[in-house]
Amino acid sequence: MKMRQEKDHLTSRDLQAIETKKRIIDTALNTIRDNGYEKTSVKQICKGAQITVGTFYHYFESKEMLILQLLPKIEDYYETRKKELEQEAAPEKIRDYFAYLIDYPFEEYIDLLPPVMKSEEAVKIIDQNRLEVILNLVEEGQQKGSITMEYDAKFMAEALLYSVRGLFIRWIMVKDDFDYRTHAHLAVNLLIDKFKA
């Protein structure tokens, strides 16, 4: 209902801005899928979206920041699962969060991932969002006694995220028969078992 009320209060200019941004994102996704990330220029995206280069940079700082808009938002998924997981202990909530992160069908986005992982700014944004969720879960577990107090909550959150990140980077950069999902689930489960109280 709230979203509907907010939409009713949008001006025609607001609606046009939303439509323009969506058109840029859709055009970028299609162009990158057709040409690959490296062979897609901002000018090509602008031409396809029927906008000026200045308009592109009004909405996005760079091509890398645009790509962040194309990637799925795991934090949005977690928000939808919060209610379902309310009765679970923190270690199980953490497992659920990482299961989705690890099992998400990233193959669809594989060409977008290397440039994102090379962008310091993009990685900081991703880390900030994910670390916040994981840190909250670890702190909840410490408060309720299901996660050890032996280690700092931030250290545990970072250990979980960065162990999976390292395996993920190996998978997207090398693209061989490395079984990212199996290795990542194993790493998460080992760490969670280590961090349980």
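Is Tyr180 buried or exposed? Tyr180 is buried, because its relative accessible area is 3%, where buried means under 20%, exposed over 50% and partly exposed in between (1.4 Å probe, protein chains only). The model is predicted, so local features require pLDDT of at least 70 and side-chain atom pairs pLDDT 80 or more, whereas totals for chains, interfaces and linings use all residues. Residues are numbered from 1 along each chain as its sequence is written, and side-chain values use heavy atoms, without hydrogens and water.

**View 1. Trp171 and Tyr180 form a stacked pair.** Rings of Phe, Tyr and Trp (its six-membered ring) pair if their centres lie within 6.5 Å; planes under 30 degrees apart count as stacked, over 60 as edge-to-face and the rest as tilted. The two ring centres are 5.4 Å apart and the planes meet at 20°, so Trp171 and Tyr180 are stacked. Trp171 is also buried, at 13% relative accessibility.

**View 2. Helix H3 (residues 42-49) has buried residues Val42, Ile45, Cys46 and Ala49.** Helices are DSSP runs (H or I, at least four residues), numbered from the N terminus. The face turned away from them carries the exposed residues Lys43 and Lys47.

**View 3. Gln142 lies in helix H9 (residues 120-144).** Gln142 counts as buried, at 15% relative accessibility.

Note on methods: Helix = DSSP H or I, 4+ residues; strand = E, 2+ residues; numbered from the N terminus.
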